[in-house]
Amino acid sequence: MPERTAPAAPGGGWVRATAPATTANLGPGFDTLGLALAWTQTALCALAPEGVADVAVDGPGAEGVPRDERNLIVRAATAVCGEVGLGRHGLRVRLTLELPVGRGLGSSAAAVALGLVAANALAGQPLAAQRLLEIGTQLEGHPDNVAPALFGGLCAACQDGGRVWAVRLAPPEGLRALLAIPDRPLSTAEARAALPRQVPLADAVANVQRTGLLVAALAAGRLDALGVATQDRLHQPYRASLIPGLEACLRELPAVGARGAFLSGAGPTVLALVDAAADTRPVAARLEGWLAGWGGGRVRSVGLAAQGAAAVPVQAPTAG
Ligand code: HSE
């Protein structure tokens, strides 16, 4: 593709990109299911000359975010620019961290989605959503957070050779999520290292059954099935060795009113699905009890999000 110049966007070429937090796996749907949460990360982005990664970050955890070309927003944007013939552009990014990092709430998938939609908007929307999904999955390694970060709602995704498949459903009605977010992070790499190379066939079958039941129950509004349908035998029992009290907490949450409960992504956040209109204080109290026994943290209530990542032109931010 020949090199071309970025279209002049209003406001000196800046866009405001937004992407939701996401929860992956939802219990049994390991590396497959993801759900967008109504908790948004925002970034202001503009193209910069080649070699320039001008990243300004503040907010909790900002000290751990790379300011150079290793930054995930920059990497995702650079991948889009290279693919659409804009050449090796750099990127300016202004970011206040809103999503917690290393807690299993899709902060890295959100960063990738921000870079993808920002660069695609700055380039005049040359890439289709499917291509953004493929680039994002390559950067992330798994599509289960990237798909809902890009498309919102409930996504089922898989990779087949070089092709990434993702099918989106509207988020289930009448539910919200209570998140128990520990103060201490857990890296996805460490949480994956705890998994066995092989699992018993009976455990694999149990998860296939529950994953199918979960998607059908969420699509049909059969909230009564969520307790069984969010059970998992493929990853949570092994990750429990890294997360004290996890199994008891998950087992006891339905008795205090949760529709279903699971480790959010690779953890360590625990997510309880609750009726949107219910008194959720008993569920929150159980989650707080678990957090108190593992170094502390906070419980946050969020809705489910229909909207995925998006970018709109804005005026250039003032310096400072
Ligand atoms: N599904 C991944 C895991 C996390 O549980 O390790 C998100 O990609």
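1. The radius of gyration here is taken over C-alpha atoms, and the globule rule is 2.2 Å times the number of residues to the power 0.38. For 320 residues, a compact globule would have a radius of gyration near 20 Å, and this chain agrees because its own value is 20 Å. Along the principal axes, the C-alpha trace spans about 60 × 40 × 35 Å.

2. A word on what you are looking at. This is a predicted model, in which local features need pLDDT of at least 70 and side-chain atom pairs count only at pLDDT 80 or more, while totals for chains, interfaces and linings use all residues. Residues are numbered from 1 along each chain as its sequence is written, and side-chain values use heavy atoms, with hydrogens and water left out.

3. Now the overall make-up. The chain holds 11 helices and 11 strands; helices (H or I, at least four residues) and strands (E, at least two) are DSSP runs, numbered from the N terminus. Of the 320 residues, 50% are buried, where buried means under 20% relative accessible area, exposed over 50%, and partly exposed in between (1.4 Å probe, protein chains only). Among contacts (heavy atoms within 4.5 Å) with a separation of 6 or more, 76% are between residues 24 or more positions apart.

4. Surface and charge come next. The accessible surface of the chain is about 13,600 Å², and carbon and sulfur atoms hold 54% of that surface. These areas come from the Shrake-Rupley method with a 1.4 Å probe; for residues, only the protein chains shown count as cover. The chain has 26 positive and 25 negative charges, and their mean positions are 1 Å apart. In that count Lys and Arg are positive and Asp and Glu negative, with His and the chain ends not counted. Each charge is placed at NZ of Lys, CZ of Arg, CG of Asp or CD of Glu.

5. E4 pairs with strand E2 (residues 33-48) in the antiparallel sense over six bridges; two strands pair if DSSP finds at least two bridges between them. Within that pair, Ala46 stands opposite Arg92. E4 also runs parallel to strand E3 (residues 53-58), joined by six bridges, and here Ala53 stands opposite Leu91.

6. Six residues lie between the strands, and Gly265 takes a positive phi near 60°. The peptide bond from Gly267 to Pro268 is cis, with omega near 10°, and Pro268 lies in the loop between E8 and E9.

7. What does Ala272 touch beyond residues up to four places away in sequence? The list is Arg176, Ala177, Leu178, Leu253, Ala258, Gly260, Ala261, Val283 and Leu287. Ala272 sits in strand E9 (residues 270-275) and counts as buried because its relative accessible area is 0%. Its C-alpha atom is 8.5 Å from that of Leu250, 22 residues apart along the chain.

8. Leu26 is not a glycine, yet has a positive phi of about 50°; the residue is in the loop between strand E1 (14-24) and E2. Leu26 counts as buried because its relative accessibility is 1%. Asp31, also not a glycine, has a positive phi of about 60° and is likewise in the loop between E1 and E2.

9. Finally, here are two partly exposed residues. Arg16, in strand E1, is partly exposed because its relative accessible area is 40%. Leaving out residues up to four places away in sequence, Arg16 touches Thr42, Ala43, Leu44, Ala310, Ala311, Val312 and Val314. Pro66 lies in the loop between E3 and helix H2 (72-83) and is partly exposed, with a relative accessible area of 28%. On the same terms, Pro66 touches Val55 and Asn71, not counting residues up to four places away in sequence.
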